[in-house]
Amino acid sequence: MADFFFGLPVLLQAVLKGIAVIIVIFPVAAACSMAERKVCAWIQGRPGPNRTIFPLFRGIPGMGVLQRLGVFQLVADGLKFLFKEEPTPGHVNKLYYTLAPVIAMVPAFTTVTVVPFGAYLGSAGSVVPLSLANLDIGILAVFAVASLGIYSLILAGWASNSKYPFLGSVRASAQLISYELSMTLAVLPVFLWVNEPGSTGSLSLARVVEFQSRAGFWGGTWFLFTMPVSAFIFAVALFAETNRQPFDMAESEADLVGGFHTEYGAYKWALFFVAEYANMIVGAGVFALLFLGGWNLLPWVPLASLLGWLHHATGSALWLHPLVAGIVSIAIFIAKILATLFVFMWVRWTLPRFRYDQVMRIGWQKLLPLSIANLIVYTVAIALMQR
Amino acid sequence: MPTEHAFPDSAARIARAEAGAEKMSISMGPSHPSTHGVLRLQLELDGEVVTKADPVIGYLHRGDEKIAENMTYNQFVPYTDRLDYLAPLANNMAYAIAVEKLAKLEVPPRCQAIRAITAEMARISSHLLGLGAFGIDVGAWTVFMYTFTEREKLYKLFEELTGARFTTSYSRIGGVARDVPEGWLGRVDAFCVQFLPNLEEVLNLLTRNKIFMDRTAGIGVITKEDAIAYGLTGPNLRASGVALDLRKDKPYSGYEQYDFDVSVGTRGDSYDRYLVRAEEMRQSVRIIRQAIAMFPPGKWSAEDARKIVAPRKDKVLTSMEELIQNFMLVTEGPQMPPGEVYFEAENPKGALGFYVVSKGGGVPWRLKIRAPSFCNLSILPKLCVGVMVADIVAILGSLDFVMGECDR
């Protein structure tokens, strides 16, 4: 199977990978929106969406549970966006107005390709990461491509030719640029630590996970524990970068009606929506890789030893099969992403929203100095430790 | 707690704005998520700083005052529901007391107690919505859902008492529509018991929340002098440090018997207005529980005033005299002496006043409504200058107005 895939022309491989991304991320992002509605409802003491069901499914055992969980609402929502009339306001710049949601999708889906999402056991017990494009510049590629997402907000706000979207997009662009800095500085210590002297330097995300799966106390410690400040700054910046409450200045529905997407409706709006969730998924994924040990189940329990123990406990060699290992690792990784996303939602439905100037003040006056100090402290500490 | 972006430096901001660039004019409302109905603010922005704010009102004008001249006194009661539609029971009461004052009619203590209890329940319901909407305005959605859960319980009680959840039309001139149902007071008391901890839980989400305090403390500061000069009333006035509460100062409907505190703010900012409303809900619970504890027996309407109060229905169907009385009241309206009267009640939003001029007969010759929301909004052009766009939302939320009452 794998041989067959790698035997295909490179271009065809790329197309297939791209289709795989869309097929996986689009429903996952949509499911996230459903989860958001459900989590929000639970936090607010409501049942949430629990009515929708396909007429044919009624009466099939087990479907009632899915109905109450709102699973079918997901389909209903998606279909609604697809079949709704798409009015384009007369005052917009049609080309850029249409282009903006498309551009929003591109970086969101491109970053997915460089995020390793699992691993399988190769020959001789080595752990080989699974990703669509295993780039050496991993984290740089994520940052570089993700920051292109601003263009969609700016374009949407500008092309809408309307005042509230304009204010929203101006806010968003300033905010995204401000928080990018702290975010980048926050992850630098991780890579300083990972690229110890004598090793071949790499910014690959898989390498960070590999580092967190080493033997011994320090080897198995997640960076969340060794670099809590970095993790904190990264998490806060992630909220700001993905325009999530309490930093959702770009939308800020209380004062800007809908922010940059005020003039959008139907499927174009849904594209923004999916892009936001795709960004969140990627962000949560990067957070899990950098600070939560990637596909290792628990701190000090690397994937390889987990599978080894399972093999010993059950006596089945099945656990060592590359496919099983891959599935287990992907499941662990996705569980971590989901847990992180839950925190995103939890915060959104609990906290009020900052004001725009407060967001900027936090970004420049609190987070940036903190991340610089953090970087300096860790640089010196790592230099002393690894001398 | 002073914050670095407090109100006073707004003059500097405006000067900076005026020295520089082009301004953007933007219409906030009448259909905007945070203008609480159909208020429209014509804003002039320099970047995100507001340099000018003109409130435009009247999108919900129905001519209530003129309508009142064309119907009997009791027929106007449903229109009072639609003034401050978040506290219809309190409006019903204020209107009824105003007309009763014109007729120099005393209602029995039981009726007074019923009115006081319902008015305080209306106050809780109105403040809960004000608080929840304020939460949404600053981005805390969950607060709104929590407060709505409590309001739902109140609405159930309203429905049981009046037959309607929202537009209660409960008062009649000289009494109330019907007596309290069996066991209703016990259920109100049970609501009060469970309400206080729930209220604290909701307030916990906001009161010490750093983001909420950043958004509201020092924003929209109204000084004591300004508050008086602009005719503010209710929680907005008290938050500025003026301990004016008509329930204490000019007691009506038996409020003098109840022991409660007037909550007063110190700084007059949005945060203080929030705290004052929160405290008022606790005090309302106190009043309700006292009123229930000393709930008087006896008549629930001034039945002896035969030209004003309708007879009981069972008598109408069996006795000739009551049938005629009922017929006359329905066709001619409650008979009032000529004269004019002004009465203000402490409503959740502020002092709701009715000025009634009568030339005798069953129809008011002129009825003027002093709407607290209208007066409270008059300070907006002064308040909304030099703040940021998002602050306007926080200020509007903290003023807690209702356009149904403002536009009448």
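This is a predicted model: local features need pLDDT of at least 70, side-chain atom pairs count only at pLDDT 80 or more; totals for chains, interfaces and linings use all residues.
The secondary structure of chain A comprises 17 helices and 2 strands, and 45% of its 387 residues count as buried. The C-alpha atoms occupy a box of roughly 65 × 60 × 50 Å along the principal axes. Because a compact globule of 387 residues would have a radius of gyration near 21 Å, the 22 Å found for chain A agrees with that expectation.

**The largest nonpolar core, with residues from chains A and B.** This core has 226 residues, and those with the most contacts inside it are A:Phe234, A:Ala237, A:Ala278, A:Ile281 and A:Phe287, together with B:Ala94 and B:Ile392. Helix H14 of chain A, spanning residues 266-291, gives the most to this core, with 18 residues. When residues up to four places away in sequence are left out, A:Phe287 touches A:Phe234, A:Ala235, A:Leu238, A:Leu292 and A:Thr340.

**The contact between chains A and B.** Chain A brings 23 residues to the contact and chain B brings 27 residues. On the side of chain A that touches chain B, helix H8 (163-194), helix H13 (253-256) and helix H17 (356-385) of chain A each supply at least two residues. The residues on this side of chain A divide into 10 nonpolar, 6 polar and 7 charged.

**The open antiparallel sheet of chain B.** Three strands of chain B form an open sheet in the order E6-E7-E8, with antiparallel pairing. Its edge strands are E6 and E8 (366-370) of chain B, each of which pairs on one side only, and the twist from one strand to the next averages 10°.

**Strand pairing within the sheet of chain B.** Strand E6 (residues 339-347) and strand E7 (residues 350-358) of chain B run antiparallel and are joined by 9 bridges; E6(B) and E7(B) form a hairpin, with 2 residues between them. B:Ala345 has B:Leu352 in E7(B) as its bridge partner. On the pairing of E7(B) with E8(B), 5 bridges join the two antiparallel strands, and B:Phe354 stands opposite B:Ile369 in E8(B). In a regular strand, side chains alternate between the two faces of the sheet.

Helix H4 of chain B, made up of residues 88-103, lies across E6 and E7 of chain B and runs at about 150° to E6(B). B:Ala94 is one of the residues with the most contacts inside the largest nonpolar core.

Methods
Residues are numbered from 1 along each chain as its sequence is written. Chains are lettered from A and ligands numbered from 1 in the order in which they are written. Helices (H or I, at least four residues) and strands (E, at least two) are DSSP runs, numbered from the N terminus. The radius of gyration is taken over C-alpha atoms; the globule rule is 2.2 Å times the number of residues to the power 0.38. A residue is buried if 20 or more other C-beta atoms lie within 10 Å of its own, exposed if 12 or fewer, and partly exposed in between; C-beta atoms are placed from the backbone. A nonpolar core is a set of buried Ala, Val, Leu, Ile, Met, Phe, Trp, Tyr and Cys residues joined through C-beta atoms within 7 Å. Two residues are in contact if their C-beta atoms, placed from the backbone, lie within 7 Å. Ala, Val, Leu, Ile, Met, Phe, Trp, Tyr, Cys and Pro count as nonpolar, Asp, Glu, Lys and Arg as charged, and the others, Gly among them, as polar. Two strands pair if DSSP finds at least two bridges between them. Axes are lines fitted to C-alpha atoms, for helices over the stretch in contact, and angles run from 0 to 180 degrees between N-to-C directions.
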